[in-house]
Structures are given as structure tokens and as C-alpha cells.
Amino acid sequence: MSEIVAIDITHHQLPLEPPFPASWDPQPRTRFPVTVVRVRDSEGREGVGSGDVMYGFQDYAKWFIGTDPLDLSSHAARLANIEFHAGRPWPLDIALWDLAGKIQGRPVWQMLGGTDPRLRLYASSAVHRPVAQMVTVVRQMLDEGFGAFKVRFGRPSIDDDLAVVAAIRDELGDALTLMVDCNQGWRMPWDTAQPWDVERAWVVAQRLSAEAVFWMEEPLHRGDYAGMAELRRRVATIGSMRIAGGEMTREPYEFRELLQRGCLDVFQPDCVCTGGISGLAPLARDVSAAGMVFTPHTWGNGIGVMANLHLAAGTVGHEGSLWVEWPYDPPEWGLDRRDYALTSPLHAVGGWIELGSEPGLGARLDEQMLARTASERATFQ
Ligand SMILES: [Mg+2]
């Protein structure tokens, strides 16, 4: 048995010139922060994870040093306690799964019991472009083989948001599956806008349902369980549009509550922010067994995208996840930026991705790039 000998956490910031105007952030982003967590064992192997900033985590590192890296359930239990007392520590869970895969010589998707390493992707946009440009972007995505595209709401007027959906449908018909993200579930720290209430969400939902939108994402605050259940009930009376949400919801038990109360059709936790792979794998299976869709939020850097892809492929597969988020909106959000921590960007072909057979996550870090972008902090400006 090897033992854990070190946990290292480093921060990196890629300067963004031109800045990245993410639709869910009132401040254009001039830096893309990445935090890398590395866990090493006594045999010299290293697992990597990424996601939250892990500020203050080193106070807890000693509870992992000297333990068996393969005791993943004990590690997850400690991390759940730390999550309660401090910040979100889940990048370490990702790194531990990567290390465990390297020790066992198996990819994470296989360790989780998966049998098919392929996932179908949707192009997840980020930038509010003029209507005509939005149509052009969607056309490009279709040409690249993506069968689904997610539009971001949040323009100054809801009519401007709805005009984008209408224009895409007018120009492209039902050539692609369309999702809409209302981004009402949470806010950046400096954004004081109030979330929608159920009546406002219902007005929008009727318009989206009429445009045959596949899912309406985060129409309400993440804690508005009664509102989500009511909206979902109403939406089911007018069509087949699904209600999606939960990308930053903090703990797995909250998702079980959302499931029990009939709040969502599509569950979108992100394993680098919530529960790690250890906490979300059983949740994914439960969501799928209940007949709902489990498809993780993946917005972040390439390491986090990989972790969530392994989680989805290893648990519910492409039949259960239907479409998995591929953060991609060039030029402002191209793979060169998203995957800068990796030696080469992840590779989607024809709107699908196939995870390899490399042990662990198969993430190869660009150490020179990480050295060049090393930083004391992990902030967006
Ligand atoms: Mg979202």
C-alpha cells in the first residue's frame, strides 16, 4: 500500500486580451483563473484536480497525509465535513480519483462502472451577440457537428433574449436542439440583481415552450423549491420542455430534495464544485433511476470538464445524460483559453467526445504554461 505524502495547491491566471464578456458576469473578465490541486503518493505518482479556489485548505491537509490514497470513501467523508466548515474542497476528490486510477491502471469512467466512453455534447455559449451574429454562430456549430446549442439570457430586455431564440428557429428550423439558460440560480458576488419569481419565469417559459426549447435552465433562485415545482407542473401542461438547474447548489442532499419535490427534470451538479466524483456518482444513478436527466455543469477549465465527462460516462452514459455541456464560444471562449492548463485542448469530433483509456482522468498538464501563469490569487480581474 502506498500512502499520501503531499497535497500541493497552486493558482494561475491567464490574462485575457481581449476580455471575456461572460453573459452571467456584469464585469468583463480580464483573467481566467485556474487552481490546480496535486496529490502525491509515496510511490511518486500524482493525481490532479481543479475547480474551486481551495483557499485555506492547507489547514486540513494533515488529515489526508499518511493515509491510503485508495480509501476514497473515507476521503470523501472528510471532504464533506470540510465543505461544511470551510470552502468547497472538491478538487481534491477529483485529484484522488485521478491518483486512484493511476494506481489501478484504469480510466476513471471505467472505475465508476461505465462501459461506453462516448458522450454527446452541446455547444454552450457565453457571449451576448447581436441576433444576426447569434444565428451565424449556431450555423458554425451545426457545421462542426454539434446537434444542440445553449443560448444565454440576461440581455437588458427579455424581448431581446427571446428575439435570439426566435431568429435561430426562423433561420434554422428544428435542425438543432436548443437550450436556454436563464441564469437565475445564483449571482457573482458583485451582482445585486434579484432573481425572477415564478410568475415572471412562467411568462418566459410559455414563449420558450412555443419555440420547442429542450430545457429551460435556472429559471428561479436555487432555493425556490416551491416555485420550481410549480413552474415545472405548469410547463408540463403546455408541452415537453424540461426544467433544468442546480449547477452551483452546494450539497448532494439538496439535489435529493429537488428530486423528491419534483422541482427539476434535468439535474446539473458539477463535481468540481459539489460532492466531487464520490458524492455525485451515486446521485447520478439515483436521478437516472427516477427517470430524470443527469448532465453535469462543466463550465470551467479543461481539467474540470474532463472530471465531469468521466463522471457522466462512468455513471449514466450518453443515454442518461443526453447532452453534456461543452463550454465553447470562440473567439472569446475558445479551447485555447478554456484548456490552457492542458498540453493540448480536448478534442470533440462531430459533436461527440470519446474519453481515452489512459489511467485516471488522462489530463496532461502544460507545466510551462502553468509556470508562466502562476499567481498568488485566482480571480477574474
Ligand atoms: Mg447554467
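Which residue in β13 is the bridge partner of H12?

## The sheet

In this predicted model, the bridge partner of H12 in β13 is A374. Strand β1, residues 4-20, and β13 run antiparallel and are joined by two bridges. They belong to an open sheet of four strands, ordered β3-β2-β1-β13, with antiparallel pairing. Its edge strands are β3 (46-50) and β13 (374-375), each of which pairs on one side only.

Helix α2, residues 90-104, packs on this sheet and touches β1, β2 (29-41) and β3. The direction of α2 makes about 150° with that of β3.

## Helices α2 and α9

Helix α2 also packs with α9, which spans residues 276-289; the angle is about 85° and the axes are 6 Å apart. Angles of 65 to 115 degrees count as roughly perpendicular, and α2 and α9 are therefore roughly perpendicular to each other.

In this contact, α2 contributes W90, D93, I94 and W97, which meet G276, I277 and S278 of α9. By class, the residues of the contact are four nonpolar, two polar and one charged.

## The two domains

The domain assignment divides the chain into domain 1 (4-105 + 366-375) and domain 2 (110-354). Taken over C-alpha atoms, the centres of the two domains are separated by 24 Å.

Contacts between them involve 36 residues of domain 1 and 31 residues of domain 2. On the domain 1 side, the elements giving two or more residues are β1, β2, β3, α1 (72-85), α2 and α13 (367-372). The largest share of that side comes from α2, with eight residues. The side of domain 1 that touches domain 2 has 22 nonpolar, nine polar and five charged residues.

Methods:
Residues numbered from 1 in each chain as written. Predicted model: local features only at pLDDT ≥ 70, side-chain atom pairs only at ≥ 80, totals over all residues. Pairing = 2+ DSSP bridges. Contact = placed C-beta atoms within 7 Å. Axes fitted to C-alpha atoms, helices over the stretch in contact; angles between N-to-C directions. Parallel < 35°, antiparallel > 145°, perpendicular 65-115°, else oblique. Nonpolar A, V, L, I, M, F, W, Y, C, P; charged D, E, K, R; others polar. Domains from an automatic or database assignment.
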